[in-house]
Amino acid sequence: MLYQSWLGKTYGEMAEVSGYGNNYIKEVGSELWQDLSIALGKRITKKNLHLALSNHLQDEIDNQENQIQQKFGEEFSLEMVSPDFFLASKIEFPSGPVALGSPLYINRPSLEELVCNEILHPGCLIRIKAPKKMGKSSLLNRMIAYAREQDYQIVYLDFQEADQDVFASLDKFLRWFCVNVSRQLNLLSCVDDFWDIEMGSKVSCKIYFEAYLLQYINDSPVVLALNEVHRIFEHPNIAQDFLPMLRFWHEQAKQDQTWQKLRMVVVHTTEIYIPLKLNQSPFNVGITITLPPFSLKEIQNLALRYGLDWAADSEGGKCLAPLQAMVGGHPYLVSLAFYHLCQGEMTLEVLLETASTPVGIYGQHLRELLTLLQEEPELMSAMEQVIATEQKVELDAIAAYKLESMGLVQLNGNQASAMCKLYRLYFSQQFGKQNSANASSEFSR
């Protein structure tokens with residue numbers, strides 16, 4: 001039963017597979033959660049199983065680290081846990097969010113505690129911002145798991161899933177938005193009953209939430225998690241109305257109990273690059289979580305979780321410093337390196353020597369980035385400016401934000417510099433080849 005619960009099976013599905021009655025399965029489940037609660041010293045339910053065990057694992061790691069630090073001093077302050085424990089199941093290739101309960105998730109208490117505490121506040125608005133593959137969805141999923149543990153209802157919308165024609169007009173987009181929220185709350189869609197062309201789409205959407213959705217969920221708070229919101233930035237006709245609407249809903253919660261049920265989480269890769277008045281932007285209210293790259297200690301921590309026990313001591317830290325410099329502490333790029341290292345495919349020295357080449361472990365990732373740049377000549381030109389100098393470069397605002405979204409540059413205002421040594425090396429080589437080819441073509445003419 002524990003395994004089936006871990007996989008997310010319902011009691012009804014377990015009953016069908018086992019041949020036992022539904023009531024019997026529920027009774028056994030109740031006893032299991034009681035036993036686990038006693039064993040772990042915290043309340044365990046079917047809903048919070050992933051999060052509770054993940055937290056318990058982290059507590060155990062922290063306890064071991066504290067014991068080691070007390071015994072050996074600061075240089076052994078890393079989380080020295082048996083690599084065999086983490087390699088009990090086959091490590092999967094890094095792709096997508098880190099699964100709940102995975103030992104490969106690096107817990108950053110200052111971030112997790114902040115979002116989990118904030119989601120308890122009525123009417124809150126949380127913004128999670130970072131370039132692609134920095135861990136936004138992994139953090140969001142843990143916050144959602146925590147909200148479910150509080151018996152909150154969850155609505156999760158990923159704007160990458162929306163068809164292009166959904167963005168044809170504000171009216172069509174908001175109808176799509178309301179229908180999807182209704183479905184996830186297990187309510188019938190009654191959009192047509194609340195939509196009034198004369199009042200406009202935004203007012204109709206507000207009334208639909210206020211008079212229907214938020215009324216029929218009783219007193220249970222609803223977490224509205226909006227992922228990949230930067231896609232809306234590409235449609236100013238939508239963004240200039242939808243984003244201020246979210247801010248207005250957040251402000252309504254200060255004076256209206258109905259809107260206090262709604263807690264919003266907005267996740268995106270870059271700053272908004274369309275003009276909005278300060279009193280309209282949802283991005284200067286609520287709290288903002290910006291995901292930083294991994295520190296050297298966090299990189300060592302992750303290396304141990306991949307079973308690379310040579311990374312444990314201070315010498316291991318020195319060995320990993322060049323990797324940190326090469327990839328800038330980028331979580332995905334670090335994980336990709338450790339995946340290949342733990343397979344025994346190569347040494348760290350070889351990995352770093354070949355990192356920026358077509359045959360290196362980052363070859364496919366780099367080619368994908370190059371293809372994206374080639375599809376937009378203005379971005380290619382902007383990246384060439386960044387690579388051409390070690391100094392920060394002033395870029396067009398939209399180009400700067402798009403490059404930041406791709407994780408290629410670090411921004412200070414509109415001034416950009418390469419995110420890491422890997423990108424500077426690779427794109428220097430590619431732009432050099434391209435310029436040589438262009439020069440050769442000109443000469444042949």
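Reader: Which residue stands opposite L411, and in which strand does that residue lie?
Author: This is a predicted model, in which local features need pLDDT of at least 70 and side-chain atom pairs count only at pLDDT 80 or more, while totals for chains, interfaces and linings use all residues. Residues are numbered from 1 along each chain as its sequence is written, and side-chain values use heavy atoms, with hydrogens and water left out. Strands here are DSSP runs of E with at least two residues, and helices are runs of H or I with at least four, both numbered from the N terminus. The residue opposite L411 is A416, in β8.

Reader: How many bridges join β7 to β8?
Author: Two strands pair if DSSP finds at least two bridges between them. Strand β8 covers residues 415-418 and runs antiparallel to β7, and the number of bridges joining them is 4.

Reader: Which strands stand at the edges of the sheet?
Author: The open sheet is formed by 3 strands with antiparallel pairing, in the order β6-β8-β7. Each edge strand has a single partner strand, so one side of each is left without a neighbour in the sheet; these strands are β6 (393-394) and β7 (409-412).

Reader: At about what angle does helix α19 run to β8?
Author: Axes are lines fitted to C-alpha atoms, for helices over the stretch in contact (heavy atoms within 4.5 Å), and angles run from 0 to 180 degrees between N-to-C directions. Helix α19, residues 377-387, lies across β6, β7 and β8, and its angle to β8 is about 75 degrees.

Reader: Which residues in α16 meet L320, L323 and V327?
Author: The three named residues belong to α15. Their counterparts in α16 are L333, V334, A337 and F338.

Reader: Why does L174 count as buried?
Author: L174 lies in helix α8, residues 170-184. Leaving out residues up to four places away in sequence, L174 touches W195, S201, K202, C205, F242 and M245, and its C-alpha atom is separated by 6.6 Å from that of C205, 31 residues apart along the chain. Buried means under 20% relative accessible area, exposed over 50% and partly exposed in between, with a 1.4 Å probe and protein chains only. L174 counts as buried because its relative accessibility is 0%.
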